[in-house]
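Please look over the sequence and the model shown here before reading on.

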Amino acid sequence: AGSYTVTELAQAGWQLTALVCVDSATGTGTTASTGNSTTGVATYRIDQGETVTCTYTNTKETPSISVLKTGGTAVTAGTNASYTIVVTAGGTGDSTGVSLSDTVPAGSTVGGTDGAACSVATTTLSCTFGTMTSGSSKTITVSVPTTVASCPSVSNTATVSSAVDADGATNNSSTASVTVNCPSISVLKTGGTAVTAGTNASYTI
């Protein structure tokens, strides 16, 4: 008889989702045994001849990672187009080894709330976010140069990856476009009325 505690240590990749203790009988004045699924501690309060059963239920974590890229407002060729990229961790448990990659035009720059985790080398944008807790997100902005060749729009795709992703690759890439307006110029020349030789002919341009 007496009171005893048992603690389950956290296991990587698993979550303790339930801890239930059942007393076979409770003597007069004896407090029932209890389980705390938050701390993983079961408290056994046992009377003489009593049996106490505490059941630990562990659920395998299923972290997931996703990316959403959106384009900014329309720009004029020769100015910079902008994108916003948001990486979100979901599912259960932490997403580990989270990274982002994006092929961008030379001269692109990265910023935003979490831009410090990113860099641009020539035409490759890379971000290393490491471990992300479920429900958290990372946001960056990307500025890319445009030229006349970019018209009528420029499109770009960002891809995210992690060590374990319960959703697979279903939402690991996101593509967005920005409208690029190009100025145009045209010419129209028309001839005037008929003239007699030796007089002037006229045109309108």
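**Strand pairing**

Strand E8 (residues 80-91) and strand E13 (residues 137-145) are paired in the antiparallel sense over 9 bridges, where strands (E, at least two residues) and helices (H or I, at least four) are DSSP runs numbered from the N terminus, and two strands count as paired if DSSP finds at least two bridges between them. The model is a predicted one, in which local features need pLDDT of at least 70 and side-chain atom pairs count only at pLDDT 80 or more, while totals for chains, interfaces and linings use all residues. Residues are numbered from 1 along each chain as its sequence is written, and side-chain values use heavy atoms, with hydrogens and water left out.

- An open sheet is formed by 4 strands in the order E6-E8-E13-E10, with antiparallel pairing; its edge strands, each of which pairs on one side only, are strand E6 (63-71) and strand E10 (109-111).
- From one strand to the next, the twist averages 20°, with axes taken as lines fitted to C-alpha atoms (for helices over the stretch in contact) and angles running from 0 to 180 degrees between N-to-C directions.

**Strand E14 and its partners**

- E9 and E14 run antiparallel and are joined by 4 bridges, and the bridge partner of Leu100 in E14 is Val160.
- E14 also pairs with E15 in the antiparallel sense, over 7 bridges, and here Val154 stands opposite Val178 in E15.
- In a regular strand the side chains alternate between the two faces of the sheet.
- The covered face of E14 carries Val154, Asn156, Ala158 and Val160, whereas its uncovered face carries Ser153, Ser155, Thr157, Thr159 and Ser161.

**Nonpolar core**

- The largest nonpolar core has 26 residues, and those with the most contacts inside it are Ile85, Val87, Leu100, Leu125, Phe129 and Ile140; such a core is a set of buried Ala, Val, Leu, Ile, Met, Phe, Trp, Tyr and Cys residues joined through side-chain atoms within 4.5 Å.
- Two or more residues of this core are given by each of E6, E8, E9, strand E12 (124-132), E13, strand E14 (153-161) and strand E15 (173-181), and the largest share, 5 residues, comes from E8.
- In soluble globular proteins, nonpolar side chains tend to be buried together.

**Salt bridge**

- The structure holds 1 salt bridge, a term that requires a side-chain nitrogen of Lys or Arg within 4 Å of a carboxyl oxygen of Asp or Glu.
- Asp102 forms this salt bridge with Lys69, the closest N and O atoms being 2.6 Å apart; because Asp102 lies in strand E9 (residues 95-103) and Lys69 in strand E6, the pair ties together parts that are 33 residues apart in sequence.
- Asp102 is buried, at a relative accessible area of 3%, and Lys69 is likewise buried, at 3%, where buried means under 20%, exposed over 50% and partly exposed in between (1.4 Å probe, protein chains only).

**Surface and distance**

- Val187, Tyr203 and Ile205 make a nonpolar surface patch of about 410 Å², and Tyr203, which is placed in strand E17 (residues 203-204), counts as exposed at 57% relative accessibility.
- Patches are made of residues with over 30% relative accessible area and no salt bridge, like charges being joined within 9 Å and nonpolar side chains (Val, Leu, Ile, Met, Phe, Trp, Tyr) within 5 Å.
- Ser101 is found in strand E9 and counts as partly exposed at 37% relative accessibility; the C-alpha atoms of Ser101 and Val22, 79 residues apart along the chain, are separated by 52 Å.

Note on methods
Areas by Shrake-Rupley, 256 points an atom, 1.4 Å probe, with all protein chains shown as cover.
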